[in-house]
Amino acid sequence: MDILGNTFLGRNRHNYELRGYPCFDTDFHSNVSLESEDDALIFKNDRYQIFDSVDHINVASTPNQFQSSDPTVRLGAASLGVGDFDGDGADDLFLATGYAWYYSPAGAREWRFLSAKADTIEQQLFGDFDGDGRTDVVALRGGQFMVSWGGVSDWEVHNPDPTGGNLLLLPSAITAMAVGDFDGDGHADVFWADGQTWWVSYGGNTPFVEVQTSSHRVKDLRFGDFDGNGTTDVFSVVSDGVSLRWMVSYSRKSVQGLFSSWTLLRSKLTDTVDGLIVADFGGSGKADVATNCGADAPGCWRISYGGLQDWRYYTLGTFGPYVAGVGHFLGQVEADLLSWDNLPFGPLVFTTEFSISMGGISPLTRYSTQDMR
């Protein structure tokens, strides 16, 4: 028996229990377990007697399989991806454990296997790059964009030379990039900010085109369609020379390489984009800006519709310090918010299920059908 390539999120039982003497020793390797080796594995020689041992279980020493960081919360709000991986029109949640990729249909069902890939979520970009209605996964390797179609196919070369021969200019980390549909053709594009210039690779398979000069990098930006024309715009907190403002740089539909200069949305409601989530919570076809109200106001959520209005406050019920995901999980126009259930965090509470707030305004209600971590 060979136990390999599994992800064990449970902490309340042994991951592998060998009962009885095998004809040949069994193997346990290349797995992900959140428990220690002694808690994860055990050997029983009969129904009643339990030896505190892992006899007849061969355990590979490298890579380490035990006491792994929980992949569902390892990076806080960035731990899970969002996309439509089964093509049903509703967003799903994506999980990368370091040995395999999984998705949860609409964020409500159990984790389902996509493919055995070791790439973690911070090494990936998500978008529908071929326009088939399913979310694809793009990685940066050796200066090339590689793609896994639907997160299921083997890696393929998607763009062998995105910089047109200037590979030394390309960052080593894909976290310098983001995804949006900047020309409105229904295919995902790759956005890159190097601290001086913004670039876009249309469809992810063309050479990067300069679209704007700016010192703002991806970490300083948020992305959404603020004018409702079907293209992704760029949002940030920008100084107008006197004070900070919420501003947007508009992309132009069907025109590649043209972004507007910073355009005022309103006086700033925050000093940075940290903690801000851009999505269409109102179902208007335009992007809104939202965030929680801080540690002093648990369960409070606030939205600036269109990024133009003052905050509107909503009491959703107690949720954790970050959300699990924002997307169109119910297949509706407005975006929904998923949280690690609606119980307070504390030493005696281990949140394992998702709760949902429809449109980011309704009280959180239990959503997932089983434990998700």
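Q: In this predicted model, how far apart are N and O where the side chains of Asp240 and Arg245 meet in a salt bridge?
A: Start with the pair itself: the side chains of Asp240 and Arg245 come together as a salt bridge. Neither end is buried, because Asp240 has 36% relative accessibility and Arg245 has 24%, and buried means under 20%. The N to O distance is 3.0 Å.

Q: Which strands stand at the edges of the open sheet?
A: The sheet is open and antiparallel, with four strands in the order S21-S22-S23-S24. An edge strand has a single partner, so one of its sides has no neighbour in the sheet. That picks out S21 (222-224) and S24 (263-267).

Q: Asp119 and Arg141 meet in a salt bridge; which of the two counts as buried?
A: The side chains meet at 2.7 Å, N to O. They link distant parts of the chain, 22 residues apart, with Asp119 in the loop between S12 and S13 and Arg141 in strand S14. Arg141 comes out as partly exposed because its relative accessibility is 35%. With 10% against a cut-off of 20%, the buried one is Asp119.

Q: How many residues apart in sequence are the parts that Arg366 and Glu353 tie together?
A: The closest N and O atoms of this salt bridge are 2.5 Å apart. Glu353 counts as buried at 17% relative accessibility, while Arg366 is partly exposed at 43%. Arg366 lies in strand S32 and Glu353 in the loop between S30 and S31, so the separation in sequence is 13 residues.

Q: How many charged residues are in the lining of the second largest pocket?
A: This pocket has about 390 Å³ of space. Its lining has 18 residues, and those closest to the centre are Leu9, Gly10, Asp371, Met372 and Arg373. Sorted by class, the lining gives seven nonpolar and six polar residues, and the charged ones number five.

Methods. Residues are numbered from 1 along each chain as its sequence is written. This is a predicted model: local features need pLDDT of at least 70, side-chain atom pairs count only at pLDDT 80 or more; totals for chains, interfaces and linings use all residues. Side-chain values use heavy atoms; hydrogens and water are left out. Two strands pair if DSSP finds at least two bridges between them. Helices (H or I, at least four residues) and strands (E, at least two) are DSSP runs, numbered from the N terminus. On a 1 Å grid over the protein atoms alone, a cavity is a set of points where a 1.4 Å probe fits but cannot get out, and a pocket is an open set with protein on both sides within 12 Å along at least five of seven lines; lining residues have an atom within 4 Å of a point. Grid points are joined across faces, edges and corners, and a volume is the space filled by probe spheres set on the points. Ala, Val, Leu, Ile, Met, Phe, Trp, Tyr, Cys and Pro count as nonpolar, Asp, Glu, Lys and Arg as charged, and the others, Gly among them, as polar. A salt bridge is a side-chain nitrogen of Lys or Arg within 4 Å of a carboxyl oxygen of Asp or Glu. Buried means under 20% relative accessible area, exposed over 50%, partly exposed in between (1.4 Å probe, protein chains only).
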